[in-house]
Amino acid sequence: MNKPFLRSLAIIVCLALLSACAGSSPPAANATQAPASQVEATVAPVADPTAAPTVEPTPEAPADNSVSLKWALWDKELTIYYQALLDAYKAVKPDVTIELLDLGSADYNTVLTTQLQGGDDIDIICIKDIPGYANLVKQNFLEPLNSYISSNNVDTSLFGGTVEQLTVNNDVYTLPFRSDFWIIYYNKDLFDKAGVAYPANDLTLDQYDALARQVTFGEGPEKVFGAHYHTWRSAVQLFGVLDGLHTIVDGSYDFLKPIYERVLKEQDDGIVQSYAELKTTGTHYSAAFFNNQIAMMNMGSWFIATQIAKVESGESFSTNWGMAKYPHPDGVPAGTTLGTITGISVSSHSTKKDEAFDFVNFVSGPEGAVVIASTGTIPAIKNDDVVAAIASLPGYPTDEGSKEALKTVKTVLEMPLHDKSADIEIALNEEHDAIMTYSITVDEGIKNMNERVAEILAN
Amino acid sequence: MNSATQARKGLSRKAKENLIAYSFIAPNFIGFSLFTLVPLIFALVLSVLSWDGSNPIEFVGFDNFVRMFKDKTFWQALQNTLLYTAGVVPMTMAAALGLALLLNQKLRGRNFFRTVAFFPYVASLVAVAAVWSFLFSPTRGPVNQVLHMITNLPVSKLPGWATDKNWAIPTVIFFSIWKTMGYYMVIYLAGLQNVNPELYESASLDGAGAINRFRYITIPQLAPTTFFVLMILIINSFKVYDIFITIFAGADNVLSGTTRVLVYQIYNAAFRSLNYGYASAIALVLFLIVLIITIIQFKGEKKFGE
């Protein structure tokens with residue numbers, strides 16, 4: 001190899017290095033992040049969703065006065081209510097064809113933003129989480145819906161206050177169609193083996209901790225862990241906001257100290273599996289629950305449909321299972337839990353906004369709610385009938401306690417809407433990770449959260 | 001008149017030649033400018049701007065750099081990246097050169113062993129990282145089980161590998177060496193083929209032993225190869241991201257503490273915070289570090305070559 005060649009090579013590589021880091025190129029990490037993808041609402045055993053966008057038109061050829069809309073969403077193959085919704089809508093509006101644009105779940109917000117910045121003609125957008133919503137609103141990618149809501153006489157009171165929580169500067173940019181909340185899943189066989197009574201629907205955090213210690217037994221590969229915290233920050237940290245005295249966007253996080261101390265003590269005592277090990281082995285919470293390794297797990301209601309389907313397919317060995325209400329701090333009523341909202345919006349760049357809103361209104365409205373509930377997923381419009389419909393699905397645990405578990409009295413949003421929520425989330429996720437891996441102490445972690453979020457809020 | 005015609009003819013011939021030459025360069029250069037040069041210049045400009053990809057661009061001067069120098073996580077990422085580079089570069093070079101020397105011998109099944117050494121480089125990162133995570137799992141992994149049998153120490157006293165803040169960087173360094181040494185071995189093998197065998201022969205006749213032949217013939221003859229390997233290794237080490245994400249990122253997809261690296265900071269700033277200006281400022285620092293190291297190496301290489 002001669003020197004001029006090496007020299008030019010060096011220059012080119014240096015340039016390539018910088019350009020690879022420039023904002024305009026797509027993230028190189030998509031492929032590598034796929035295994036960590038959180039598959040919510042898995043329903044059938046289908047191949048992994050790919051990160052690459054795929055478009056699949058519905059089979060019917062469009063008629064003359066037909067309208068074609070493009071809907072951006074994630075995990076098309078794993079989520080059964082998309083097709084159910086399309087079928088139901090087709091019955092009402094046969095002229096409208098809707099293409100599904102699957103952007104994958106692992107990096108949905110990033111891929112979606114890239115598509116929108118690139119001028120993709122998306123008409124309808126699924127909102128995966130609040131930080132993603134806040135960013136899309138800030139970037140003006142979502143159409144304000146207030147005028148559509150009033151002209152179509154949409155009754156927002158049906159959503160039980162969530163529309164108000166999604167309002168930014170007096171305008172709302174999405175309508176919720178799914179509203180999940182957190183509950184306790186437990187393995188009845190393991191409780192029977194330990195000779196311990198099943199979890200009640202009114203556990204305090206202290207009682208939950210004590211119960212988890214009671215149902216921990218065995219050694220080595222046969223060991224049963226009393227509880228399980230998935231490697232999401234929300235699975236641990238948000239016990240702290242259930243009392244309604246603090247929110248996660250406050251900027252002051254001293255109230256989290258007892259929460260972290262309790263969970264780290266459980267980790268030290270071998271009541272729960274080590275966060276670091278779960279993380280580095282990429283263990284998915286469903287695998288831990290399916291394999292009869294854990295007696296109790298706190299997780300969102302999206303896992304109900306998955307667990308029912310996997311018991312049926314034989315993949316979940318935890319066939320004798322139940323549910324209980326989320327554990328709560330002292331002095332807070334049972335049925336207080338965390339919630340997340342999945343929304344559906346109209347793209348501000350769409351040329352068919354009225355048609356797009358009509359579909360948004362259908363999906364989020366009472367008709368869509370019935371369709372979504374029939375697939376075992378909890379719709380945003382959640383009344384007693386919907387809850388009863390889900391609790392009577394084939395495969396749902398038949399005991400009264402498990403049916404009662406779905407009744408909530410108060411739902412606190414995992415992440416309240418805030419224009420800095422994306423940045424706050426990064427800081428909190430990172431400090432949570434550092435605390436849970438013992439990289440820093442609880443006090444250092446909380447100090448870092450306070451400092452970093454103060455910095456974010458000041459800018 | 002006569003000379004003027006000649007001049008015109010000469011010019012046109014030269015222009016023609018140039019045109020042909022440019023036309024050969026064009027396909028590559030158009031691609032390079034479109035996908036590398038333009039984004040590069042854009043990135044440079046972005047570092048003094050504030051932009052979220054949609055709203056109007058604002059000029060913010062050196063705010064992004066001021067913020068970066070005050071950002072503790074940036075310094076932590078820089079420190080981790082430097083540590084990783086300091087570990088990976090010399091050890092990978094040594095391992096690759098050692099392998100190349102071994103597999104350059106005339107031994108039975110040489111091609112098979114070359115393939116074996118190259119295999120980790122071809123294997124999918126995600127798949128092999130999963131296998132490594134399992135092998136090095138502190139409580140359930142075979143590595144610690146073997147260590148336990150040898151040392152009889154309880155598992156809590158054995159290294160926590162990727163799960164332990166002190167072992168995290170060494171663990172990825174080992175992983176990275178194993179994963180990439182096959183590639184650099186191939187480059188070294190190619191370099192070794194270019195060494196004139198007569199040099200060894202005459203050195204042997206003069207009574208040089210194996211060590212002296214290595215010291216006075218192999219190493220100097222491999223200098224350009226070593227330089228190339230060193231440069232590529234350093235650049236790749238500074239750009240490290242995928243290995244850390246596959247091994248350390250949990251379900252929230254974050255890196256923290258001793259596992260944070262520079263490119264992760266860039267990714268976060270650009271694609272999670274939608275702050276392309278800040279991301280470009282960090283990218284620029286990364287670029288300058290690599291550029292400076294490369295310039296120093298060029299100077300060193302020139303000296304060494306003489």
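## Helix crossing in chain B

In chain B of this predicted model, the axes of helix H4 (residues 110–122) and helix H7 (residues 168–193) come within 6 Å and cross at roughly 120°, the axes being lines fitted to C-alpha atoms over the stretch in contact, with angles from 0 to 180 degrees between N-to-C directions. H4(B) is therefore oblique to H7(B), a word for angles that are not under 35 degrees (roughly parallel), over 145 (roughly antiparallel) or 65 to 115 (roughly perpendicular). Helices here are DSSP runs (H or I) of at least four residues and strands (E) of at least two, numbered from the N terminus.

From H4(B), Ala117(B), Phe118(B), Phe119(B), Pro120(B) and Tyr121(B) take part, and they meet residues of H7(B) including Trp178(B), Lys179(B) and Tyr183(B); contact requires C-beta atoms, placed from the backbone, within 7 Å. The residues of this contact divide into nine nonpolar, two polar and one charged, where Ala, Val, Leu, Ile, Met, Phe, Trp, Tyr, Cys and Pro count as nonpolar, Asp, Glu, Lys and Arg as charged, and the others as polar.

## Two domains of chain A

Chain A is divided into domain 1 (40–180 + 340–413) and domain 2 (182–337 + 416–458), with bounds from an automatic or database assignment. Their C-alpha centres lie 27 Å apart, and the contact takes 36 residues from domain 1 and 34 residues from domain 2. On the side of domain 1 that touches domain 2, H5(A) gives the largest share, five residues.

## Conventions

Residues are numbered from 1 along each chain as its sequence is written, and chains are lettered from A in the order in which they are written. Local features need pLDDT of at least 70 and side-chain atom pairs count only at pLDDT 80 or more, whereas totals for chains, interfaces and linings use all residues.

Terms used: Contact = placed C-beta atoms within 7 Å.
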